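Here is a briefing on one protein–ligand model.

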Amino acid sequence: MMQTTAVIIGAGHAGLAMSRRLTERCIDHVVLERGEVANSWRTQRWPTLRLLTPNWQTRLPGYDYAGDDPDGFMPAADVVATLTAYARLAGAPVRTATTVHTLRAGPRGFEIQANDDHLHARAVVLATGACTLPAIPAVADTVPPSVTTFTPLAYRDPGQLPDGGVLVVGASATGVQLAAEIHRSGRPVTLAVGEHVRLPRSYRARDIFWWLEATGLLAERYDQIDDLTRARHLPSPQLTGTPEAITTDLSTLTALGIRIVGRLGRITDGVAQFSGALANTCALADLKMNRFLNRADQWATESGLDDDLPPPHRFAPTRVDPHTPLELDLTSGEITTVLWATGFRPDHSWLDIPVRDRTGRIRHDGGVVTGAPGLYVLGLPVLRTRASTYIHGAAADTEALADHLHAHLSGRRR
Ligand SMILES: Cc1cc2nc3c(=O)[nH]c(=O)nc-3n(C[C@H](O)[C@H](O)[C@H](O)COP(=O)(O)OP(=O)(O)OC[C@H]3O[C@@H](n4cnc5c(N)ncnc54)[C@H](O)[C@@H]3O)c2cc1C
């Protein structure tokens, strides 16, 4: 059995950032990765995906974006290149092609079964990602067999889909991007819209992520958020990263010719039924967007920036067609594909330690796993701050958790 002080499972940005932090603290460790560095960006993302966060925000411990397009949005291939270079820069001791099958508590720490090897470690960091599996609603079971279904993890390009109409379910970052891309391929697209977070790509000549950061919203701590469970389950913002930095909201998609319908409720005898509350859902998203823009304006005034920025303004409310259909017969041949853009979930099913709740989610306090001293989790939404959901949030998260881990090893935390 191999002995090491700490094991990090997963060599995405979070695992690599943690490796850098442990190296800074001279903590002997190994990073176990089932594929290659940045495996999820290589194997689980579609090629046209671009980050919705601007390049200047792609920063990690000891790394700041230094390219020539700080305001651009990185394609997935560039994320792979960036993380591969970061692994080298951080000197991360990554063992690739090493899948962890079981993690259990041992006499003085943890026992890990990875491929055919057994490892023993005093501390373990789970950095296996928040988006490993698709989150598909139960209604998926009632889609007629004549209709092809896809998840974003398997989707690569519209050429994979059969000819004919496509129903994209979910209108957050993934849904709006894929709806637009599939529409451009000539297929008629219907987009089923539930609760969503509407944001403009830019406001007062600054990218929206500049505002989210400047106003302090992204820095809000998990233990200061009123409804943390809700914050952790909020859909991703309805944003895309394009070379032209365009806004991709529902009004833009409607103008392109994409049909917007309400939330998919159920499918009865092959007929999909959509919520009639679409107008209300959109009005609520507009209201929340304006609430944030009010906060942004107030912050700009208090910071004395009003003279440096264009004046405040508001965006037109989302246009909703009053004749939006409430039903669609999936057996008529009009729709040949359903794409579930309904979110993602982590996969910690291989954990043989009772740290998960009834829904399978790990119980933790800001990344410190509850009831398993020495076990940490990274990369989950709003783990320690709202920024934890994004790549750059790993900098502060790993700093805090590496300090905790260091104290645990030195016996200062029992
Ligand atoms: C479609 C999409 C778009 C996103 N866009 C953005 C964006 O624009 N900006 C942004 O900041 N964030 C974005 N994110 C969110 C976030 O940055 C990513 O989910 C990111 O990949 C998470 O990094 P991670 O290191 O936590 O996990 P991952 O990158 O998923 O890395 C986890 C690693 O663990 C490995 N692994 C898993 N299980 C095991 C096992 N049992 N044994 C060994 N290895 C294992 C995997 O192979 C993988 O390499 C996006 C996410 C998605 C899904």
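L256 is partly exposed, with a relative accessible area of 46%; partly exposed falls between buried (under 20%) and exposed (over 50%), using a 1.4 Å probe and protein chains only. The model is predicted, so local features need pLDDT of at least 70 and side-chain atom pairs pLDDT 80 or more, while totals for chains, interfaces and linings use all residues. Residues are numbered from 1 along each chain as its sequence is written, and side-chain values use heavy atoms, without hydrogens or water.

- L256 belongs to helix α7, residues 250-256; helices are DSSP runs (H or I) of at least four residues and strands runs (E) of at least two, numbered from the N terminus.
- D397 sits in helix α9, residues 394-409.
- D397 is buried yet has no salt bridge; R384, the nearest side chain of opposite charge, is 4.6 Å away.
- A salt bridge needs a side-chain nitrogen of Lys or Arg within 4 Å of a carboxyl oxygen of Asp or Glu.
- Leaving out residues up to four places away in sequence, D397 touches L378, L383, R384 and S388; contact means heavy atoms within 4.5 Å.

**Ligand**
- The ligand is surrounded by 31 residues, the closest being E33, S40, L52, T53 and I391; the cut-off is a heavy atom within 4 Å.
- A polar side-chain atom of H13 is 3.0 Å from a ligand oxygen atom.
- For T53, a side-chain N or O atom is 2.8 Å from a nitrogen atom of the ligand.
- Of the 980 Å² of accessible area that the ligand has on its own, the protein covers 94%; areas come from the Shrake-Rupley method with a 1.4 Å probe.
- Helix α2 (39-43) and α1 (13-24) each give two or more residues to the shell.
- The most comes from α2, with 3 residues.

**Salt bridges**
- The count comes to 22 salt bridges.
- D249 pairs with R198 at 3.2 Å between the closest N and O atoms.
- D249 is in the loop between β14 and α7 and R198 in strand β11, so the pair ties together parts 51 residues apart in sequence.
- Both D249 and R198 are buried.
- R198 also forms a salt bridge with D286, at 2.8 Å between the closest N and O atoms.
- D286 lies in helix α8 and R198 in strand β11, so this pair ties together parts 88 residues apart in sequence.

Notes. Lys, Arg positive; Asp, Glu negative; His and termini not counted. Polar contact = N/O pair within 3.5 Å; in protein donor to acceptor, adjacent residues only side chain to side chain.
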